[in-house]
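Me: I would like to go through a few labels used for this structure and see what each one rests on.

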Amino acid sequence: MSKKYLRKNEFRIDYNSKHFGKDEEPHPAYITARYGHKYKANSITHSRKTNDGFYTYDIEENPNIFSKDKRRTRISPPFWQNENQFGKEKLNNFRFSKKAQKKIKKFNKRFK
């Protein structure tokens, strides 16, 4: 029996204008799965609500390892999006700890 989708653990820039912040800049996205030409991702933000009015989830750790920003990092609810709306390059200076990855996986299960 084959897998339903391919699991991923990478960061890319999300260029979909619906997911831009108040400053009209793209956010990095944490990609958790791939199915065909679509990615399942969570946007990384500091905002309590998304543009759609959904509340974000607090993960308390900044995934950018070189950032000195001490604000709490939050993730949006998961969404499926075409791979063309993400940047081509992976963001290598972004990482989540195993503890944060488990929290995100548990959060994403709520939206099946």
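Me: What makes the link between the side chains of asparagine 42 and asparagine 108 a polar contact?
Reply: The side chains of asparagine 42 and asparagine 108 are joined at 3.0 Å. A polar contact is a pair of N or O atoms within 3.5 Å, where within protein one must be able to donate a hydrogen and the other to accept it, and residues adjacent in sequence count only if both atoms are side-chain atoms. The 3.0 Å pair therefore qualifies. The model is predicted: local features need pLDDT of at least 70, side-chain atom pairs count only at pLDDT 80 or more, and totals for chains, interfaces and linings use all residues. Residues are numbered from 1 along each chain as its sequence is written, and side-chain values use heavy atoms, with hydrogens and water left out.

Me: Why does asparagine 42 count as buried?
Reply: Buried means under 20% relative accessible area (1.4 Å probe, protein chains only), with exposed over 50% and partly exposed in between. Asparagine 42 has 0% relative accessibility, so it is buried. This residue is in strand E3 (residues 38–45), strands being DSSP runs (E, at least two residues) numbered from the N terminus.

Me: Why is threonine 73 called buried?
Reply: Its relative accessibility is 1%, so threonine 73 counts as buried. Threonine 73 lies in the loop between strand E4 (57–58) and strand E5 (74–75). A polar atom of its side chain lies 3.4 Å from the backbone oxygen of glutamate 61.

Notes: Helix = DSSP H or I, 4+ residues; strand = E, 2+ residues; numbered from the N terminus.
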